[in-house]
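The sequence and the structure come first.

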Amino acid sequence: MERVDHLAHERNKSEFDVDAMKIVWAGSPHAFELSDRISKLVASDPGFRKDNRTMLSRKDLFKNTLRKAAYAWKTIVDLHLSEEEAAKLRFYVDEPAYTDLHWGMFVPAIKGQGTDEQQQKWLPLAYKMQIIGCYAQTELGHGSNVQGLETTATFDPQTDEFIIHSPTLTSSKWWPGGLGKVATHAIAYARLIVGGRDYGVNGFIVQLRSLEDHSPLPGITVGDIGMKFGNGAYNTMDNGVLQFDHVRIPRDQMLMRVSQVTREGKYKQSDVPRQLVYGTMVYVRQTIVADASCALSRAVCIATRYSAVRRQFGSQNGGPETQVIDYKTQQSRLFPLLASAYAFRFIGEWLKWLYTDVTQRLQANDFSTLPEAHACTAGLKSLTTTATADGIEECRKLCGGHGYLCSSGLPELFAVYVPACTYEGDNTVLLLQVARFLMKTVSQLGVKKPVGTIGYMTRVDHLMQCRCGVQRAEDWLNPSALLEAFEARAARMSVACAQNLSNFDNPEEGFAELSADLVEAAVAHCQLIIVSKFIEKLQQEIPGKGVKQQLEVLCNIYTLFLLHKHQGDFLSTGCITPKHASLANDQLRSLYSQVRPNAIALVDAFNYTDHFLGSILGCYDGNVYPKLYEAAWEDPLNDSVVPDGYHQYIRPLLKQQIRTARL
Ligand SMILES: CCCCC/C=C\C/C=C\C/C=C\CCCCC(=O)SCCNC(=O)CCNC(=O)[C@H](O)C(C)(C)COP(=O)(O)OP(=O)(O)OC[C@H]1O[C@@H](n2cnc3c(N)ncnc32)[C@H](O)[C@@H]1OP(=O)(O)O
Ligand SMILES: Cc1cc2nc3c(=O)[nH]c(=O)nc-3n(C[C@H](O)[C@H](O)[C@H](O)COP(=O)(O)OP(=O)(O)OC[C@H]3O[C@@H](n4cnc5c(N)ncnc54)[C@H](O)[C@@H]3O)c2cc1C
């Protein structure tokens, strides 16, 4: 039967070359080809089916994840996929699994913190999955405060070993993904104790389970920490608990790039900053930023397509009702999220560049950009994950009642995504790191020239007193006007915090007292980074009919939406007047009208398969109602007309009510 495209009339309205936009979204023609090919491969393979996840018990769900991970590995090996292709395949399989931590943290930790010899020994085993690793840092008592970890690694010079031990209940490792039931090895973070002295936290490679029968090795107690938020969702992951009882490992299993312990029991610090022990977190925060645009664009794709299908009120002379996407309120909630998805895509790309740059510099013993890389990864991780988690929930509401159905894909997407606000650094804790960086920058003005993302602070004198030159709504389309408003706001908020801090005798006390304001200053700085990188992106040549124009519209929506949402900041710091704020709002409304005819094409440009979207509401052809109706009958509750439990619990109740009525 021929498939009817219920969204064809929407697609026909678009004013730009969607195929060219697909390439911009993917990053390059090569990235597009790869993504397109691998997503179709996964979608067409029944082995990767995922529509039954929310109905499985935890045990069945987990076993199914193990099956899929093994099947994905078999596919990767059988098809001789490259590392890049394999990573894409795991992405499109779209199921959190122990492999995320193996490839995403265990391997990078060895690469970043291991010596050349350690890398030569462990990486080939990890690449072939002959060992499976996890990243065991967080404990029951401490996650955010890494320096507060309690697990110990005490050097025994007699045997040339470290003794890994959990001295208290709160020192139990708690949360590491893959640890609960799968990992054979962990990078365990522990306090390094040599000759009775505590040298702080370091990583150690510890074998946890037998490679023969998977049983825990002597001295290891390990298990899963239990069910997490949502059905299906992140419960495919075996987040684990682990206790060490004087577990001995050879000395050469301490990751020794940053510091070393010699055979004689001497502690030595390399010529690299100690903070490199935190390097894996910097790497993963960068990947999480790149991932934010994927999660948000998925939710936005679902909500946009459904908003074009759904009609409510407004019928004229018996004609069709209004598509809900035509309501200005729907547009003012949806289109900023569409613009954010694009903004996060580009900031993710830029952050990847920054990370590659800092890694190359570190290899050449140039550590000058490390503080900025830390501040950018921490701050952007915080900003993009908060906005994405909130955005997915907003998309659920944008889909009305049907958004609450698991078959919309949105509840599971939210449940899987929302811990990103916590893992790899709680978002508030990370913003406080950015605030420290900002306060340090302000305190060193005139001594040290701010560069990179904080370079605008060189113009602090101008930014503290400049006046917004916008006179008409269209003036807000001028990138310089936008940029200056955002720079002035960020600079003024940081300087105000620094001035308030100077009133405290004890700077740490002041920092704690003013931390809520400092977090707001950090948000302003991070928003400026995203806005400025979006504007920079548009200064490049972008091929394809109308593509650049669409991106300009989205960039302006993203920026003016932030200005509107945070207008309290802009007004209270005197960067703009109420008149400017009102003109910005007028311009925003006009931009929504420009994006409206292109909305469906802009989400088509994400090139998501129906399999990956996993949503009836977001399906490409928009044929929502028959699919919803059919899916309802697939629910196991509808296996029988009369439910299990009727005779036990419903019938006696009904009978009793009849007797009561007769009395
Ligand atoms: C299923 C979908 C997922 C998709 C994701 C896609 C891919 C990702 C792949 C896999 C991921 C999958 C699942 C997620 C798993 C999550 C895993 C985890 O959660 S692992 C655990 C993470 N834990 C944390 O993030 C802990 C957060 N805490 C810290 O980082 C630190 O404790 C701290 C808050 C930064 C404080 O550090 P410290 O106590 O040392 O204190 P300060 O005095 O503030 O800092 C001193 C000094 O050091 C600088 N600094 C701090 N951190 C870093 C760093 N990382 N790099 C460089 N520099 C750093 C800091 O700026 C100070 O500098 P200075 O002021 O100049 O002295
Ligand atoms: C799904 C999931 C997967 C995870 N995977 C792993 C893993 O693979 N490996 C691993 O090692 N860990 C993992 N973690 C742990 C994760 O990294 C920590 O939970 C995270 O770093 C937050 O730390 P916490 O739990 O100690 O939060 P807490 O620090 O206890 O946070 C509680 C509250 O206190 C606030 N707070 C804390 N400190 C401050 C402060 N200084 N100033 C102001 N407010 C503060 C926070 O903002 C938060 O509101 C995972 C966690 C989750 C949820």
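## Ligand 2

Ligand 2 is surrounded by 20 residues, and the closest of them are Tyr-135, Gln-137, Thr-138, Ser-144 and Asp-426. A residue counts as near a molecule if one of its heavy atoms lies within 4 Å of it. The model is predicted: local features need pLDDT of at least 70 and side-chain atom pairs count only at pLDDT 80 or more, whereas totals for chains, interfaces and linings use all residues. Residues are numbered from 1 along each chain as its sequence is written, chains are lettered from A and ligands numbered from 1 in the order in which they are written, and side-chain values use heavy atoms, with hydrogens and water left out.

Polar contacts here are pairs of N or O atoms within 3.5 Å. A nitrogen atom of ligand 2 lies 2.8 Å from a backbone N or O atom of Tyr-135, and a nitrogen atom of the ligand is 2.7 Å from an N or O atom in the side chain of Thr-138. The side chain of Asp-426 has an N or O atom 2.6 Å from an oxygen atom of ligand 2. Alone, ligand 2 exposes 970 Å², of which the protein buries 63%; accessible areas come from the Shrake-Rupley method with a 1.4 Å probe.

Helix H12 (residues 427-443) gives the largest share of this shell, three residues. Helices are DSSP runs (H or I, at least four residues), numbered from the N terminus. The shell has nine nonpolar, nine polar and two charged residues. In this classification Ala, Val, Leu, Ile, Met, Phe, Trp, Tyr, Cys and Pro are nonpolar, Asp, Glu, Lys and Arg are charged, and the others, Gly among them, are polar. Domain 1 (107-270) and domain 2 (279-604) each contribute at least three residues to the shell around ligand 2, with bounds taken from an automatic or database domain assignment.

## Ligand 1

Around ligand 1 there are 27 residues, and Ser-144, Gln-147, Tyr-278, Glu-424 and Lys-440 come nearest. An oxygen atom of ligand 1 is 2.8 Å from an N or O atom in the side chain of Tyr-278, and a polar side-chain atom of Arg-285 lies 2.9 Å from an oxygen atom of the ligand. On its own ligand 1 has 1,300 Å² of accessible area, and the protein covers 78% of it.

Helix H8 (279-309) is among the helices that each supply at least two residues of the shell; H8 gives the most, with six residues. By class, the shell around ligand 1 has 12 nonpolar, 10 polar and five charged residues.

## The second largest pocket

The second largest pocket has a volume of about 470 Å³. Its lining has 22 residues, with Leu-337, Ala-387, Asp-390, Phe-561 and Lys-565 nearest the centre. On a 1 Å grid over the protein atoms alone, a pocket is an open set of points with protein on both sides within 12 Å along at least five of seven lines, a cavity is a set where a 1.4 Å probe fits but cannot get out, and lining residues have an atom within 4 Å of a point.

H10 gives the most to the lining of this pocket, with seven residues.

## The cavity

How many cavities of 30 Å³ or more does the structure hold? There is one. The largest cavity has a volume of about 140 Å³, and H4 provides the largest share of its lining, six residues.

Technical notes
Polar contact = N/O pair within 3.5 Å; in protein donor to acceptor, adjacent residues only side chain to side chain. Points joined across faces, edges and corners; volume = space filled by probe spheres on them.
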